Amino acid sequence: FLEEIPKDIERLEACLTSADMSGAGYAAHSIKGASVNVGADALGRTAHEMERAGEEGDSKALHHWMPELKRQFEEVQVAMTRAMREKNLLGGHQQSH
């Protein structure tokens, strides 16, 4: 997830740059699915809005949602990284007993 979503975001940005609304919708769909699978509901909802905008060819809405999508991914990334570190620390602590 943490490795794939940045690639999907780059793909989404490239589609916006080239005015490929269908491609942008597809990239947003990928982000939505992955986000829902890991419980990142806010990110999934934003990606859903972007998917719908892509399907409707609404470039303005896609550009509007892009900063929010990035911000939400950064929050998820920080939380997941922290959780993985804590799990590793707890796991390491338990093994030393």
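Helices α2 (residues 21-38) and α3 (residues 41-56) are roughly antiparallel to each other, a label given to angles over 145 degrees. Their axes come within 7 Å and cross at roughly 160 degrees; axes here are lines fitted to C-alpha atoms over the stretch in contact, with angles running from 0 to 180 degrees between N-to-C directions. The helices themselves are DSSP runs (H or I, at least four residues), numbered from the N terminus. This is a predicted model, in which local features need pLDDT of at least 70 and side-chain atom pairs count only at pLDDT 80 or more, while totals for chains, interfaces and linings use all residues. Residues are numbered from 1 along each chain as its sequence is written, and side-chain values use heavy atoms, with hydrogens and water left out.

Let's stay with this pair for a moment. The crossing of α2 and α3 is left-handed, in the sense that the near helix is turned anticlockwise from the far one by less than a right angle. On the α2 side the contact (heavy atoms within 4.5 Å) includes Gly 25, Ala 28, His 29 and Lys 32, and on the α3 side the residues include Leu 43, Ala 47, His 48 and Glu 51. By class, this contact has 6 nonpolar, 7 polar and 2 charged residues; Ala, Val, Leu, Ile, Met, Phe, Trp, Tyr, Cys and Pro count as nonpolar, Asp, Glu, Lys and Arg as charged, and the others, Gly among them, as polar.

Leaving out residues up to four places away in sequence, Glu 51 touches Gly 25, Ala 28, His 29 and Lys 32.

Now turn to the other neighbour of α2 in this tour. The axes of α1 (residues 4-17) and α2 come within 8 Å and cross at roughly 160 degrees, which makes α1 roughly antiparallel to α2. α1 passes α2 in a left-handed crossing. Among the contact residues are Ile 5, Ile 9 and Leu 12 of α1 and Ala 24, Ala 27 and Ile 31 of α2. This contact has 11 nonpolar, 2 polar and 2 charged residues.

Finally, follow helix α4 (residues 59-95), where Gln 72 lies. Gln 72 counts as buried at 10% relative accessibility, and its side chain makes a polar contact with the side chain of Thr 46 (2.7 Å). Such a contact is a pair of N or O atoms within 3.5 Å; within protein, one must be able to donate a hydrogen and the other to accept it, and residues adjacent in sequence count only if both atoms are side-chain atoms. Leu 90, also in α4, counts as exposed at 53% relative accessibility (the cut-off is over 50%).

How values were computed: Helix = DSSP H or I, 4+ residues; strand = E, 2+ residues; numbered from the N terminus. Parallel < 35°, antiparallel > 145°, perpendicular 65-115°, else oblique. Buried < 20%, exposed > 50% of the residue type's maximum accessible area, 1.4 Å probe, protein only.
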